[in-house]
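Let's walk through this model together, beginning with a term or two and then moving from the whole chain to its side chains. Please keep the structure open beside the text as you read.

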Amino acid sequence: MADPQEFPVSPPPPPPQTTLLSSDSSSASSLGVPGRLDWRVPRESGGRTVDPLEDVELRIGDAAFSLTRLLEATSAVSAQLEELTLKCTENARFLKTWRDLLKEGYDSLKPDN
């Protein structure tokens, strides 16, 4: 078996530090529960930091816009599908009529027994 001193083990990295800005953060952290966290989320545009609530609101707005466009596209496809269904129904009716006429014509050409 290998000697434990042969493989040095580095200590785990420290946990990320979070700035607590709440007035009761000292009492909350002494209980093992962090106080209010003032998180800042980096934004891709310009590298400025934004409030998480603002970031969520922006994402919700983007999602709402995308969903609106998707709904419009779905409605357009739905209308086209209804039109296609109507045409297919008309074509099926037309083909059945022709089938019936051809069958009648064929039957009329058979010799009577």
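Buried means under 20% relative accessible area, exposed means over 50%, and partly exposed lies in between, using a 1.4 Å probe and protein chains only. With 45% relative accessibility, tryptophan 98 therefore counts as partly exposed.

A word on how to read what follows. This is a predicted model, in which local features need pLDDT of at least 70 and side-chain atom pairs count only at pLDDT 80 or more, while totals for chains, interfaces and linings use all residues. Residues are numbered from 1 along each chain as its sequence is written, and side-chain values use heavy atoms, leaving out hydrogens and water.

Now the overall layout. The protein chain contains two helices and two strands, arranged along the sequence as α-β-β-α. These elements are DSSP runs numbered from the N terminus: helices are H or I with at least four residues, and strands are E with at least two. Of the 113 residues in the protein chain, 6% are buried. The chain exposes about 10,500 Å², of which carbon and sulfur atoms supply 61%; such areas come from the Shrake-Rupley method with a 1.4 Å probe, and for residues only the protein chains shown count as cover.

How far can each part be trusted? The predictor's confidence in each residue is its pLDDT, from 0 to 100. The protein chain averages 75, and 58% of the residues score at least 70. Confidence is highest in helix α2, at a mean of 96, and lowest in helix α1 (residues 25-30), at 46. Over residues 16-31 the pLDDT is below 50, and this stretch has 16 contacts in the model beyond near neighbours in sequence, a contact being heavy atoms within 4.5 Å. Where pLDDT is low, the predicted coordinates should not be read in detail.

Helix α2 (residues 52-109) includes phenylalanine 94. Because phenylalanine 94 and tryptophan 98 are four residues apart in helix α2, about one helical turn separates them.

Both residues also belong to a nonpolar surface patch with Leu95, Leu101 and Leu102, and the five have about 570 Å² of accessible area together. A patch is made of residues with over 30% relative accessible area and no salt bridge, joining like charges within 9 Å and nonpolar side chains (Val, Leu, Ile, Met, Phe, Trp, Tyr) within 5 Å.

Finally, the charged pairs. A salt bridge puts a side-chain nitrogen of Lys or Arg within 4 Å of a carboxyl oxygen of Asp or Glu, and the structure holds four. One of them links aspartate 55 to arginine 59, with the closest N and O atoms 2.9 Å apart. Aspartate 55 is buried, at a relative accessible area of 7%. Another joins arginine 99 and aspartate 100 at 3.4 Å, N to O; here arginine 99 is exposed at 52% relative accessibility, whereas aspartate 100 is partly exposed at 36%.
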